[in-house]
Amino acid sequence: GCEEVLAADFPNIKIVGKQAGKNDVANGQTVTTDMLTANKDLQGIFGINDPTARGAVLALKEANRTGIWVTGVDGSPEAVVEMETPGSTFWATPAQDPAGMVLKSYEIGKQIVESGSAPAERVVLMSPSLVTQENLSEDAGW
């Protein structure tokens, strides 16, 4: 999804590398350290989730690299704490709504039980909110 949006809406952004990770802080740090070595003019990092992005932030701090913006995915409380840290390069994270997801699942399950049939829609997408350093005070959090 990230690559599709970049290609369609931001064709001037060049993806210089992709690395498979283990979705955790330690691996995010290791992968980012390798990326920093291979790409001296790196300007941004997209972490597949917030722990990976937090690992990227640690690697940037360790390498004393500035001016590289990091985004994650989830809107986790740990990501928000990192974004509140003065000087953090963790810039944004689309926030999921775990409580809202549970409520929606309950509603769909109840509808299935009451109607005895499958839901009208097989997939229900819920829109995330974008949490950034600029709007942290507006974030309701998980």
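Ala, Val, Leu, Ile, Met, Phe, Trp, Tyr, Cys and Pro count here as nonpolar, Asp, Glu, Lys and Arg as charged, and the others, Gly among them, as polar. By these classes, the lining of the largest pocket has 22 nonpolar, 16 polar and five charged residues. The structure is a predicted model, in which local features need pLDDT of at least 70 and side-chain atom pairs count only at pLDDT 80 or more, while totals for chains, interfaces and linings use all residues. Residues are numbered from 1 along each chain as its sequence is written, and side-chain values use heavy atoms, with hydrogens and water left out.

**Overall architecture**

- The protein chain holds five helices and four strands, taken as DSSP runs numbered from the N terminus (helices: H or I, at least four residues; strands: E, at least two).
- Read from the N terminus, the elements follow the order α-α-β-α-β-α-β-α-β.
- Along the principal axes, the C-alpha atoms of the protein chain fill a box of roughly 60 × 30 × 25 Å.

**Largest pocket**

- The largest pocket has a volume of about 1,400 Å³; a pocket is an open set of points on a 1 Å grid over the protein atoms alone, where a 1.4 Å probe fits, with protein on both sides within 12 Å along at least five of seven lines.
- Grid points are joined across faces, edges and corners, and the volume is the space filled by probe spheres set on the points.
- Its lining (residues with an atom within 4 Å of a point) comprises 43 residues, of which Cys 2, Leu 6, Gly 44, Ile 45 and Phe 46 lie nearest the centre.
- Two or more lining residues come from each of helix 1 (2-9), helix 2 (25-38), strand 1 (44-46), helix 3 (50-62), strand 2 (69-71) and strand 3 (90-95).
- Helix 2 gives the most to this lining, with five residues.

- Four strands form an open sheet in the order 1-2-3-4, with mixed pairing; two strands pair if DSSP finds at least two bridges between them.
- Strand 1 and strand 4 (129-132) are the edge strands, each pairing on one side only.
- From one strand to the next, the twist averages 15 degrees.
- Strand 3 and strand 4 pair in the antiparallel sense over four bridges, and Thr 93 stands opposite Val 131 in strand 4.

**Helix packing**

- The axes of helix 2 and helix 3 come within 7 Å and cross at roughly 50 degrees; axes are lines fitted to C-alpha atoms, for helices over the stretch in contact, with angles from 0 to 180 degrees between N-to-C directions.
- Helix 2 is therefore oblique to helix 3, given that angles under 35 degrees count as roughly parallel, over 145 as roughly antiparallel, 65 to 115 as roughly perpendicular and the rest as oblique.
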